[in-house]
Amino acid sequence: MKFAKRLSELRNEFKLTQKELADKLGVSRGTIGMYEIGQRDPDTDTLLKLSELFNVSVDYLLGNTDIRNPVDEITQAVEDDPELAEFWSELKEREDLKLLFKQTKKLSPKAIRQVMRIIKAIEDEENGE
């Protein structure tokens, strides 16, 4: 039932009707309605589309975590350190680090900052700084 509630909340947050969401996903309006009342579950491809559309993790959609996106957790962990926050703003778009971002849900904010400092030290060394 968590998925049904999350989907409804996200759809409303993005100010989409069931029909508009259905069109974006390539399903019927009735399918969205069934998802939202918990009478039907989406397939894996649809979950991934929803995740991308709403910029949240699949775990968030399914109710396994309250963290919308691992990127948000890292942002919160480094926001009080201007140097790391600036470095993070450069890194968060890099494809080669996406796996790292997905793993952060298991790390404390302190551990996230430590990992970010290590990555920054490696980057600085590679750039000759």
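I began with burial: 37% of the 129 residues of the protein chain count as buried (under 20% relative accessible area; exposed is over 50%, partly exposed in between, with a 1.4 Å probe and protein chains only). I note that this is a predicted model, in which local features need pLDDT of at least 70 and side-chain atom pairs count only at pLDDT 80 or more, while totals for chains, interfaces and linings use all residues. Residues are numbered from 1 along each chain as its sequence is written, and side-chain values use heavy atoms, with hydrogens and water left out.

**Overall form.** I found nine helices and zero strands in the protein chain (DSSP runs, H or I of at least four residues for helices and E of at least two for strands, numbered from the N terminus). I compared the radius of gyration, 18 Å, with the value near 14 Å that a compact globule of 129 residues would have (taken over C-alpha atoms; the rule is 2.2 Å times the number of residues to the power 0.38). The C-alpha atoms fill a box of roughly 55 × 25 × 25 Å along the principal axes.

**Cores.** Of its 15 residues, F3, L7, L21, L50, F54 and L61 touch the most other members. At least two residues of this core come from each of α1 (2–13), α2 (18–25), α3 (29–36), α4 (44–54) and α5 (58–62). Another core, of 10 residues, lies apart from it and includes L84, F87, I112 and I119. For L21, leaving out residues up to four places away in sequence, I list L7, R11, L16, I32, L50, L53 and F54 as touched (heavy atoms within 4.5 Å).

**α1 against α3.** I recorded an angle of about 125° and axes 7 Å apart (lines fitted to C-alpha atoms over the stretch in contact, angles from 0 to 180 degrees between N-to-C directions). F3, A4, L7, S8 and R11 in α1 meet I32, Y35 and E36 in α3.

**Positive phi.** Most residues other than glycine have a negative phi. I noted K15, with phi near 55°, in the loop between α1 and α2; K15 is exposed at 71% relative accessibility. N55 also has phi near 55° and lies in the loop between α4 and α5, exposed at 54%.

Conventions. A nonpolar core is a set of buried Ala, Val, Leu, Ile, Met, Phe, Trp, Tyr and Cys residues joined through side-chain atoms within 4.5 Å.
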